[in-house]
Amino acid sequence: MTQSRVSTASTRPWLTFVLPAVFLGLSAIPGAFAQEKPKALTEMSSEEEIKQFCTNIADAARDRRYLLQKQELEKLQSDVDARIAIMEKRKAEYEDWLKRRNDFMKQAEAGLVDVYKTMKADAAAPQLEKMDVVLAAAIVMRLPPRQSGLILAEMDAEKAAMVASIMSSASDPNTSKDPS
């Protein structure tokens, strides 16, 4: 029997090196042969474990929170960009509409002034009295001075005074050009 052991050991020389290495490796692992937990783990309270866990994951949690905040900000930025694009489109539409309206108003006003140029003062005065005072002033200002004077003379004194007041403030260089 000793001969069979010797022959096995001599035929497998690596076995003599492997077995002690495996034993040393297992003995290096804490608790591999022992049933007890290491002293450091048994003394650590649950509060300390929680604290240790939180400390260990703090950086990962902060990075995740920053990533979520970054994603939310990117989403908000894209929403704002989309709204800005819509607002710019609407602004362009409104500017186009306003330009067409102003062009129409200029043509209509020029035509209206031409109508009042051909009217007699006693016929134009009652119509201008019933108009908006600012519009009446604009029309009277565009008429020749002689005709404007005749129309104002035919108008009610109070209305004529308001029209003249608006006309004088319109020609005042200190008055703001912006009506608002």
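Predicted model: local features only at pLDDT ≥ 70, side-chain atom pairs only at ≥ 80, totals over all residues.
The buried residues of helix α7 are covered by, among others, α4, α5 and α6.

**Helix α7**

Q147, S148 and I151 are the buried residues of α7. Together they span an arc of only 100 degrees around the axis, which means that they sit on the same side of α7. The other side of α7 carries P145, R146 and A153, which are exposed. One of the buried residues, S148, has 7% relative accessibility, and because buried means under 20%, S148 falls in that class. Leaving aside residues up to four places away in sequence, S148 touches V140 and L143.

**Helix α5**

Helix α5 covers residues 121-130, and A121, A124, A125 and L128 are buried in it. Their arc around the axis is only 105 degrees, so they lie on the same side of α5. D122 and K130 are exposed, on the face of α5 turned away from its buried side. The cover over the buried residues of α5 includes α4 (46-118), α6 (133-142) and α7 (145-154).

**The overall chain**

The protein chain has eight helices and zero strands. Of its 180 residues, 12% count as buried. Among contacts in the chain with a separation of 6 or more, 63% are between residues 24 or more positions apart.

**The largest nonpolar core**

How many residues does the largest nonpolar core have? It has 19 residues, and those with the most contacts inside it are Y116, L128, I151, M155 and V163. At least two residues of this core come from each of α4, α5, α6 and α8 (157-171). The largest share, five residues, is supplied by α6. As a general matter, nonpolar side chains tend to be buried together in soluble globular proteins.

L128, which is among the buried residues of α5, touches Y116, A136, I139, V140, I151 and M155, not counting residues up to four places away in sequence.

**V113 in α4**

V113 lies in helix α4. Its relative accessible area is 5%, so V113 is buried. In sequence V113 and M141 are 28 residues apart, while in space they are 9.5 Å apart, C-alpha to C-alpha. V113 touches I139, R142 and L143, with residues up to four places away in sequence not counted.

| Residue | Residues touched |
|---|---|
| L128 | Y116, A136, I139, V140, I151, M155 |
| S148 | V140, L143 |
| V113 | I139, R142, L143 |

**The second largest pocket**

Which residues line the second largest pocket? They are R101, N102, M105, K106, E109 and R142. Helix α4 gives the largest share of this lining, five residues. Sorted by class, the lining has four charged residues, one polar and one nonpolar. The second largest pocket holds about 150 Å³ of space. R142 belongs to this lining and is also one of the residues that V113 touches.

Key. Residues numbered from 1 in each chain as written. Heavy atoms only, no water. Buried < 20%, exposed > 50% of the residue type's maximum accessible area, 1.4 Å probe, protein only. Helix = DSSP H or I, 4+ residues; strand = E, 2+ residues; numbered from the N terminus. Arc of directions from axis to C-beta. Contact = heavy atoms within 4.5 Å. 1 Å grid on protein atoms, 1.4 Å probe; cavity = no way out; pocket = protein on both sides within 12 Å on 5 of 7 lines; lining within 4 Å. Points joined across faces, edges and corners; volume = space filled by probe spheres on them. Nonpolar A, V, L, I, M, F, W, Y, C, P; charged D, E, K, R; others polar. Core = buried A, V, L, I, M, F, W, Y, C linked by side-chain atoms within 4.5 Å.
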